[in-house]
2 protein chains.
Amino acid sequence: MNLILFHPDDLVNESRVRLTGRRLKHVLEVHRANHGDKFAVGLLGGKIGTGTVTLIDSTVLEMDVRLDRDPPAALALTVILALPRPKVLRRVLYSLSVLGAKRIILLNAARVEKSYWQSPFLAPEAVMHQLVLGLEQSCDTVLPEVILKPLFKPFVEDELPEIMRGTLALAAHPGGGATVPHHVSGPVTLAVGPEGGYVPYEIEKLVSRGFIVVSLGERVLNVETAVPALISRIF
Amino acid sequence: MNLILFHPDDLVNESRVRLTGRRLKHVLEVHRANHGDKFAVGLLGGKIGTGTVTLIDSTVLEMDVRLDRDPPAALALTVILALPRPKVLRRVLYSLSVLGAKRIILLNAARVEKSYWQSPFLAPEAVMHQLVLGLEQSCDTVLPEVILKPLFKPFVEDELPEIMRGTLALAAHPGGGATVPHHVSGPVTLAVGPEGGYVPYEIEKLVSRGFIVVSLGERVLNVETAVPALISRIF
C-alpha cells in the first residue's frame, strides 16, 4: 500500500478523512503510525496528495488531507483479455490496475473453460478488490472499468469495430506475425488470448476486423508474464 | 507445459526417452495421449524437437524423439534482484525463466527481511522446479543460473564491476531518474530493488559503480509486474 485510497464517504469534512478496517490495520501494523505522521493519500476517482495523522487508535484513523496533484496518466489502452483461470485472473487484474490500464474487457474464447465464468473472483466486489489493491500499489486513484463479454462472435462482430476505431489494434498470439512494436504513439487496442492461444477461427475473425497479429518472439509466455511485457513494451 | 523437457538420464537410447511422474501424468491427464501422438520435446540444456509416443500407460511414457532445432535465444541479460518475499520469489523465478533470462543474482538489500533468506523456496530443488516450469512454458531447454548473494556491500564492491563490464547497467527505482529505455542493443545488467525500493545508500553505491537509475514512470510497480515490464521493454 504505497497510497492510502479513500472514498468520498470517508470524508468527515472537506479536508478530513476517517478510516477503519483494512486501511487502519495497515497503517497501524505496517507503518506503526503516530500522530503527525504523513502518508500519500488519494481520493478514489480524484486527486492525490498528503494525509497527516490527527488521530489513531485501535478503532479509527483520522487524517487531515491535502489533495494537490493529479494521479498518474492513464494508458490510452483497451485490453481485451480471454478470461483466464480464476487464480490468474486475480493477478492479472491487479497487474493491469498497477500498469494504468483503464478499460479491461474479459472475453470468451474457445479455449476458455466454461467454469471460469462461474468463478467467485468475477463477482463485482472481488474484481473491485483487486483493482483497488493495484491502485494502492501504483499510487493511482482511477478505477479501471471491467466489462464481461461471455460471447465471442457477437462481441467481435458488433461491438469491437466501435471500440477499436482510431486505435492500433494488436492481437498477441504466440509464434505468429510481427514482433510486438515498441513505444507506439496513439491509442491501442490489445487482444490477449487464453493459455493455449486463440483457435484459428478467432484469429481470422480478429484479423478480418483489422487486428495485426503480433508476438513477443519464439517463447510462449504465460498470461501473467505476457500482460506486463506487452503493455510496457507498447507504451 | 508447452514442451516436455527431459534429462539425459531419461534417454534409454539415442532417440528414445522414458518418462514417469509429473510429465507422464500431464501427458496422460491433460493431453490424454495415445500411441502415435506427437509433442514438442526438449533435452535439458540441449536441442528441441518432436517426440512421438511409442508407449503410454499408467506407469510409463515412451517417446521416439527427434531433436532438430536450437531452443530460443537467451537474453543478453544479468538480473540482480533484491530477494523478494517467498511467494513473490517463486513467481518471479518462473517469469524470469519464461522470459529467457539466464543469469539471476538474488541479492540482499536493507529492505529485504532477513527471514526471506531462510525460505524453503530458496532451496536448490525448489528454485530448480520453478525454472523448469518456466522452460516448459516457454519451450526453452537452458536453465538459468541462480546465484545467492546475502551481502550487499561486498558484492557491489568486489564482484559487480566484473559482472557489469561491457553492459548497459540499469537500476530500476520507482520515481527516479530517466525512463527505462526501449529496445537497447547489447548486453544489459538490470538491478531491481525490493518492494519499498532501495535505500539511498544502495542507490548511491550502484550509481558509483556506473549504474543508471531508471523508472517506468510515476507508478510504483510491484516486483512481479515490474520484472516482465522492464525486460520486455529493454529487449
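Biologist: How many helices and strands does the secondary structure of chain A come to?

Modeller: Happy to start there. This is a predicted model, where local features need pLDDT of at least 70, side-chain atom pairs count only at pLDDT 80 or more, and totals for chains, interfaces and linings use all residues. Residues are numbered from 1 along each chain as its sequence is written, while chains are lettered from A and ligands numbered from 1 in the order in which they are written. Helices (H or I, at least four residues) and strands (E, at least two) are DSSP runs, numbered from the N terminus, and chain A comes to 6 helices and 13 strands.

Biologist: What percentage of the residues of chain A count as buried?

Modeller: A residue is buried if 20 or more other C-beta atoms, placed from the backbone, lie within 10 Å of its own. Chain A has 235 residues, and the buried share is 43%.

Biologist: What distance separates the centres of domain 1 and domain 2 of chain A?

Modeller: The bounds, from an automatic or database domain assignment, are 4-69 for domain 1 and 77-234 for domain 2 of chain A. Taken over C-alpha atoms, their centres are separated by 33 Å.

Biologist: Which element gives the most to the side of chain B that touches chain A?

Modeller: Two residues are in contact if their C-beta atoms, placed from the backbone, lie within 7 Å, and this contact takes 24 residues from chain B and 24 from chain A. On the chain B side, α2 (86-99), α3 (124-138) and α6 (223-234) give two or more residues. With 5 residues, the element that gives the most is α6(B).

Technical notes. Buried ≥ 20, exposed ≤ 12 C-beta atoms within 10 Å, placed from the backbone.
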